[in-house]
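I opened my notebook to look up a few packing details, pockets and cavities. Here is what I jotted down, in the order I went.

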Amino acid sequence: MGVYLNPGNRGFWESVRSEIYVDKTGLIAETNKCINTEQKFLCVSRPRRFGKSMALKMLAAYYSCGCDSKGLFAGFSIAGNPTYKEHLNRYDVVFLNMQQFLIEASPGKVTEYLEQEVLEELNEEYGTVLKGREMGLAAAFRKIYAKTDKQFIFLIDEWECVMRERQESETLQKQYLDFLRNLLKDQPYVALAYMTGILPVKKYGQHSALNMFWEYSMTDQFAFEKYTGFTEDEVKVLCEKYDMDFALISNWYDGYQFREFQHIYNPRSVVAAMKNRILSNYWTSTETYEALKIYMDMDFDGLRSDIVRMLGGGRVKVNMWSFQNDMKNFRTKDDVLTLLIHLGYLAYDSKEEEAFIPNKEIIGEFENAMSVSGWPEIVRILKASDKLLEDTLNGDERSVAEGLDRAHTEAASILTYNDENSLACAIGLAYYSARKDYRLIRELPAGHGFADIVFLPLPSVNKPALVVEVKYDKTAHTAIQQIKDRQYTQALEGYAGEILAVGINYDRDNVNKPHSCVIERIEK
């Protein structure tokens, strides 16, 4: 057992003996399908704290020869898979943590240091085969394969840290990518290569040095959806075990979605909430909000408006195809938004090609970033939202209209009212503080249509639900009547409390008082 060659199963052993472990061994069945096929090169990228390293430790424990992991996997889902015994502890595994090499190597000598370290272990294991002459790492693997017919499985963690942490050095980045290409592409000794990090494979122009890799990222995980984070069913089981309210956990940590699994949770945050029995910002506390602030402040036309729309509960279209998969080369606002998707600050609906802020935990991070940045008008709206909610609950229609007028004045330089959807985003922003006690739902299917905004009180919150309908150049009474005629309150299935219907209209011709409001208490 070595540091890089066949590192053993201790890492996964520590995972499964932890207080909370959710069985993700089904991932192994997916990688088994790819061994010695045209799909054997996998790049699986996820945000930090989404279990990337743990997945690699699991794969190392399963594939590494030189250790017996049968007992370790007993009882988990992979043990019932037909391919389980075929590949269990049958391969030489090469485990590379690129962050370690980047930290320990002399400046500009990352690949040289990596070769030196791995060759040393290869010589210890295959000294008789490699004896005779100096050779590079790829040549050493080729010779081992030629003499022994043994193949290797490569597991690479933090694969793109060179691109993230050496953004100024294009030379080092290209050297590193060329090294990986030479090490892996078209090499007969590679049975499987699985690398993971935050970003997908780096692009240069229209081509990639690593174009043999199949990409699984936060824009589309395909077959790996179930293993990207915790699923809704897995979180429900944990909530039952730890006597935690599922609705509250969902409000804080749900929101990432894919094609099949529409509810994916940040695993680290859920585990921390269960262990501590406190709902808080766990994931984003691992990195300063200054990182988010840098991207929010980038001067791309329309970026600030899109962020404000998403803070108001809206979604924005994203064209992700120009993104170069790095953290330096940005040409459009879409590049910035795509990066924020990969970093986990935004969720992505691949069917609609729309980005949105996933949950309460991430909303707080945007708020923190704005509080120390050049967003004073939005911060003032957020601070005034407590009063707006109070006036709404009190049925003070005049004060609500005046509050919305002030919010519109503050946001006018960023967010333009040009339709009812834009207005609904602005209303969602103006009611920002309501999310402490409510779950905001945009365009909720209800009765004979879609309610513009619904604020559903969280469990243990003794406040009425709000069904908000917005109109543009009509009347607030028209909005109220639509709520009634289309029976929007039917959408609140299972909710037995009080309901407020809130009708809001924006009249662009009324310069002094553009907003009007009508509030009615209605029976469900």
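**Entry 1: a helix end and its surroundings**

I began just past helix α16, where Gly-344 takes a positive phi of about 95°. I am working with a predicted model, in which local features need pLDDT of at least 70, side-chain atom pairs count only at pLDDT 80 or more, and totals for chains, interfaces and linings use all residues. Residues are numbered from 1 along each chain as its sequence is written, and side-chain values use heavy atoms, with hydrogens and water left out.

For my element names I rely on DSSP runs numbered from the N terminus: helices are H or I with at least four residues, strands are E with at least two.

At the N-terminal end of α16 I found a cap from Thr-332, with a side-chain oxygen 3.3 Å from the backbone nitrogen of Asp-334. (A polar contact is a pair of N or O atoms within 3.5 Å; within protein, one must be able to donate a hydrogen and the other to accept it, and residues adjacent in sequence count only if both atoms are side-chain atoms.)

How many of the residues of α16 are buried? I got 10 of the 11 in residues 333–343, so the helix is largely enclosed by the rest of the structure. (Buried means under 20% relative accessible area, exposed over 50%, partly exposed in between, with a 1.4 Å probe and protein chains only.) Among the buried ones are Asp-334, Asp-335 and His-342. The buried residues of α16 pack against α14 (290–296), α15 (303–311), β8 (316–317), β9 (347–349) and β10 (354–356).

**Entry 2: a helix pair**

Next I checked α7 (residues 110–130) against α10 (residues 170–184): their axes come within 9 Å and cross at roughly 35°. On the α7 side I listed Val-110, Thr-111, Glu-112, Leu-114 and Glu-115, and on the α10 side Leu-172, Gln-175, Tyr-176 and Phe-179. (Contact means heavy atoms within 4.5 Å; axes are lines fitted to C-alpha atoms, for helices over the stretch in contact, and angles run from 0 to 180 degrees between N-to-C directions.)

**Entry 3: pockets**

My rule runs on a 1 Å grid over the protein atoms alone: a cavity is a set of points where a 1.4 Å probe fits but cannot get out, a pocket is an open set with protein on both sides within 12 Å along at least five of seven lines, and lining residues have an atom within 4 Å of a point. Grid points are joined across faces, edges and corners, and a volume is the space filled by probe spheres set on the points.

The largest pocket has a volume of about 1,300 Å³. I counted 39 lining residues, with Pro-358, Arg-439, Leu-440, Ile-441 and Arg-442 nearest its centre. Strand β11 provides the largest share of this lining, eight residues.

The second largest pocket comes to about 720 Å³. Of its 30 lining residues, Ser-15, Phe-50, Gly-51, Met-54 and Pro-267 are closest to the centre. Here α3 gives the most, with six residues.

**Entry 4: cavities**

I count two cavities of 30 Å³ or more. The largest holds about 40 Å³, and α19 (397–411) and α20 (420–430) each supply at least two residues of its lining.

The second largest cavity is about 30 Å³. Ile-341 turned up again, now in the lining of this cavity, together with Met-218, Tyr-256, Gln-257, Phe-258, Leu-346, Ala-347 and Tyr-348.
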